[in-house]
Amino acid sequence: MAYWAKIVHERNEYVVNFERVTAFCCEANGRVTFWLPDCAIPIVINPLSNPQDYKKVLEYIKRFTELEFENTYWVKIFYDRNEYIINLNCISSFCHEPNGRITFWLPDSTIPIIINPVSNSDSYKKVLEYIHKETGYYFTESQK
């Protein structure tokens, strides 16, 4: 079931199917960024300048990240002083570094997400569980 919403951004109107949006970035100042599917255009919604659209985006985030839906595996990751909410089912590759960090790239953007097993342990564990569940692979022998 598609979840369409009309969003105004930089004097342009967009009609967006939020079910195709794969990641959101929530900043400390309240701004929310997401990337339009298939074109990587970032849309930044500010609660002060665009309260109606801001409310739509937050409602979507709450609705679809708290519920379990087929083909979604949402995880919250704190990275670079922001909270990213990412559907891991849309990630196409993961890189495990010798120091234990895991890197992956947000779909429809060029932003890498790097998580550390020490500073972001909960998200790190969720990503490792997801990788094993979906691929059957482990990154290290100690994970088995």
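Modeller: I would begin with C26, which stands opposite V32 in strand 4. The model is predicted, with local features requiring pLDDT of at least 70, side-chain atom pairs counting only at pLDDT 80 or more, and totals for chains, interfaces and linings using all residues. Residues are numbered from 1 along each chain as its sequence is written, and side-chain values use heavy atoms, with hydrogens and water left out.

Biologist: What makes strand 3 and strand 4 a pair?

Modeller: Strands are DSSP runs of E with at least two residues, while helices are runs of H or I with at least four, both numbered from the N terminus. Two strands pair if DSSP finds at least two bridges between them; three bridges join strand 3 to strand 4, so these antiparallel strands count as paired. They form a hairpin with five residues between them, and G30 in the turn has a positive phi of about 100°.

Biologist: How do you know that strand 4 also pairs with strand 5?

Modeller: Four bridges link them in the antiparallel sense, and T33 has V44 of strand 5 as its bridge partner. This hairpin has six residues between its strands, and D38 in the turn has a positive phi of about 70°.

Biologist: Why is N17 called buried?

Modeller: Buried means under 20% relative accessible area, exposed over 50%, and partly exposed in between, with a 1.4 Å probe and protein chains only. N17 has 16% relative accessibility and therefore counts as buried. N17 belongs to strand 2 (residues 12-17), and, leaving aside neighbours within four places in sequence, is in contact (heavy atoms within 4.5 Å) with A2, Y3 and W4.

Biologist: What makes strand 4 covered on both faces?

Modeller: V32 and F34 on one side, and T33 and W35 on the other, are all buried.

Biologist: Which residues touch the most other members of the largest nonpolar core?

Modeller: A nonpolar core is a set of buried Ala, Val, Leu, Ile, Met, Phe, Trp, Tyr and Cys residues joined through side-chain atoms within 4.5 Å. Among the 21 residues of the largest one, F18, F24, F34 and V57 touch the most other members. Helix 1 (51-66) is one of the elements that each supply at least two residues, and helix 1 gives the most, with five. Leaving aside neighbours within four places in sequence, V57 is in contact with I7, F18, F24, V32, F34 and I45. A second, separate core of 19 residues includes L88, L106, Y124 and V127.
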